[in-house]
Amino acid sequence: MTNEEFSQLAAKPRHIGIIMDGNGRWAKKRALPRSVGHKFGARTFRAIAEYCIKLDIEVVTFFAFSTENWKRPKEEVDGIMQLFIEYLQDSFNRKGMQNMRVRFLGDRAPLSDEAKALMKNVEQETAEYKNQLNIAINYGSHDELVTAFNKLNGKKAEISAQDISEALYTHGQPDVDLLVRTGGEQRISNFLLWQSAYAELYFTDTLWPDFKEKDLDQALTFFAHRQRRFGAAE
């Protein structure tokens, strides 16, 4: 899809959330280690992030690593974290990745000092850009809400929905319009629960390493044909 074709869609999402699922199964189908699936998944992440920049999508949020993913084998977790560090070191030297402001969503405390320093640097280096790229790392929506409520605790006698929105990791950003999940599962897995209250849900059997620009185009076309009433009558 060209930028012009995207601009002509009847409805365009301001904020797309993407659950990148299926790396391990992609590798298993090829009798490869799960780590290889994560490496190919990282390539897909870069390609789709650059495509979202090309289409001038206002906000895109990728679910990279959940608070529950620490339960996976240590070797796999270590490999994912190393890929994350390599991404931080490399990706923002790439021409296609230089037009989006980056924000990392999640609890950084368990991450390595190297990762935290690189994350801070990337956020500072990209702060001038308009469009937003969120990477959810050690993220869980329950944890995000608990953090937000603790932040607000005692500050007001009565807390509004707007107060909660402004206390979330995504403060200042529009809510999710379109939530895409690859890999065939049909659940949102503790991802952006508050922000996705009225999101259109798009599930595809395509495993994340196989997800291409044309697959995102199909999701965008699906969204353009949805009637969004936000609780109102037809």
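How much space lies in the largest pocket? About 840 Å³ lies there in this predicted model, for which local features need pLDDT of at least 70, side-chain atom pairs count only at pLDDT 80 or more, and totals for chains, interfaces and linings use all residues. Residues are numbered from 1 along each chain as its sequence is written, and side-chain values use heavy atoms, without hydrogens and water.

**View 1. The largest pocket and its lining.** The lining comprises 32 residues, of which Met20, Phe63, Ala64, Asn69 and Arg72 lie nearest the centre. A pocket is an open set of points on a 1 Å grid over the protein atoms alone, where a 1.4 Å probe fits, with protein on both sides within 12 Å along at least five of seven lines; lining residues have an atom within 4 Å of a point. By class, 14 lining residues are nonpolar, eight polar and ten charged (Gly counts as polar). H3 gives the largest share, six residues.

**View 2. The open sheet.** Six strands run in the order S3-S4-S2-S1-S5-S6 with parallel pairing (strands are DSSP runs of E, at least two residues, and helices of H or I, at least four; paired strands share at least two bridges). Strand S3 (100-105) and strand S6 (200-203) each have a single partner strand, so one side of each lacks a neighbour in the sheet.

**View 3. Strands S5 and S6.** Strand S5 (residues 178-181) pairs with S6 in the parallel sense over four bridges. Val180 stands opposite Tyr202 in S6.

Note on methods
Grid points are joined across faces, edges and corners, and a volume is the space filled by probe spheres set on the points.
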